[in-house]
Amino acid sequence: MDKYIVTIAPPTPNGDMHLGHLSGPFLAADVFTRMRRLKNDDVFFTSYSDDHQDYVASKALENKEIRFEWALKYGSRIENSLKKANIKVDWFLKSCENKYYKEAILFLLQNAIEKNGIGEKQIRVPYSFEDNQYGYEAFAKGTCNYCGSESDASQCESCANYPVLEEMGDFISIISKKPMGFVNKERMFLKISKYKDHLKELYKQNPIREHLRTFIDEVLSNENIEWFIDRPDGNGIDLTFQGKKITLHTWFSGLAGYLAASKEYWESVKQPQRHEEFWKDKNTKVVNFLGFDCSFSHAIVYPSLASNIDGFTQNFTQITNKFLKLNGDDFSTSRSHAIWVDDILEDYSSDGVRFYMALISPEEEVTNFEMKAFTDWYQNVFSPTINLIEEKINTTKTCLRFSKDEYDELELNKIDEIFSKWDFFSELQAFSIQNIAKRLEDFLQYIAELFSSGQNEKAMRASFIYVVLSKPIHPSFSERLIDKLLINENEIMDWLNSRKYSQATVKK
Ligand SMILES: [Zn+2]
């Protein structure tokens, strides 16, 4: 049994959840967690609401609302959408005024200082004299000095770099649209260069996707990397450190969010020792799911911060995804060019939405969602097949029990073929919900054909395997049938694994 801490990059509570969010880290992390649990691994699965994000402040200001009230309102709505989509985190922390969160941030800062990882210097920061507003992130925009795309002042969504503010083009305030000015401020920075060797060593073995590897190589090829962690007079987490008031931003505080969520959860279920059992075991794998634009914080900063803490797991892996488009255009909350998770789940089952989103998941490439393609698939492929299987199982008169001795050679070949691929893509090294979903779609079609041609017993036997393997992708349907058929998942998984093992031995 292996230990995993699975995290989803914290959503910003400044609006409702749309399909673009779901298609990325949320669904993949949930499927991964369910996969691990099906394989009897010990998993803690978490995310939290990023209440101190600059975009919450800008959105609240735009709507004449109070910043943290806005965060709490949308944090709860996001948590609700996750539940409806069957994304079952163990704990969804609300970071606003959360003592665990503040403690964890100070803990990470303190450890970084003790290991000489933090420096201080005076630099110029963007300030709009027109609007009396600092432009650290959401309140300023321009063109990225690295890739030329439009970017905010903190981090470019296209290339994931931190723009050099004074080199950005058309750098303006989002309020007055007037050019940003600059003022001097004393700021703290993380000496990323100090952690280069640690990071290089980590990513030698780490199974990360190619676009992330390229990004990390590029970042680490820089001579001197100073990453500013505070925002004097800006929005972030206000703290008192060594008698001094400081404001740290939320990109620095992500690892703290995961730590805080873990501590708060395990205390709430009266097993506080489990928190340390996870984090202080060097074999625990921390697997972060995130959009590519959060790569710098997750792949560079958090492993660096963890390396300052003696006795902590250092085993960090990130699973990144690209973006989903809607009818060929970017999802946009402000332009209302989006499909909201709550809306689509009014009309379609979470099982069907999850399955389809897995099939088109933007893992390595940008992918596109079109409502017509989805409804065609839902009405012509997914629904009829799933309903047929459930109906046949519900109406069959014979007593159905899984028995490994009843499968013939041809059925076993099909099962072994599906399982070997399913198993390969369920492991961290090659994890891919798109590939898992494709295999399941094939398998589903195979079962439907058996039923349609009257081979009911064969179809039933295949269904025993299908409902277990498909549980991480569409849990509601699978759980219903697992109960109905009195299936022992462990028995089936053990059998599939033993077949895989014996086949590998035969091949040798
Ligand atoms: Zn860029």
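Two strands count as paired here when DSSP finds at least two bridges between them. Keep that in mind for the last stops of this tour. The model is predicted.

**Stop 1: the domains.** Colour the protein chain in three parts. Domain 1 takes 3-105 + 247-326, domain 2 takes 116-194 + 219-239, and domain 3 takes 355-507. The centres of domain 1 and domain 3, taken over C-alpha atoms, are 30 Å apart.

**Stop 2: the contact.** Domain 1 puts 23 residues into this contact, and domain 3 puts in 22 residues. Stay on the domain 1 side. Select helix H1 (19-38), then strands E13 (285-291), E14 (316-321) and E15 (324-326): each supplies at least two residues of the side that touches domain 3. Which element gives the most? H1 does, with 11 residues. Next, colour this side of domain 1 by class. You will find 13 nonpolar, five polar and five charged residues.

**Stop 3: a three-stranded sheet.** Together they form an open sheet in the order E16-E15-E17, with mixed pairing. The edges are E16 (329-330) and E17 (367-369), each of which pairs on one side only.

Stop 4: Zoom in on E15 and E16. In which sense do E15 and E16 pair, and over how many bridges? The pairing is antiparallel, over two bridges. To finish, pick lysine 325. Its bridge partner in E16 is aspartate 330.

Conventions: Residues are numbered from 1 along each chain as its sequence is written. This is a predicted model: local features need pLDDT of at least 70, side-chain atom pairs count only at pLDDT 80 or more; totals for chains, interfaces and linings use all residues. Domain bounds come from an automatic or database domain assignment. Two residues are in contact if their C-beta atoms, placed from the backbone, lie within 7 Å. Helices (H or I, at least four residues) and strands (E, at least two) are DSSP runs, numbered from the N terminus. Ala, Val, Leu, Ile, Met, Phe, Trp, Tyr, Cys and Pro count as nonpolar, Asp, Glu, Lys and Arg as charged, and the others, Gly among them, as polar.
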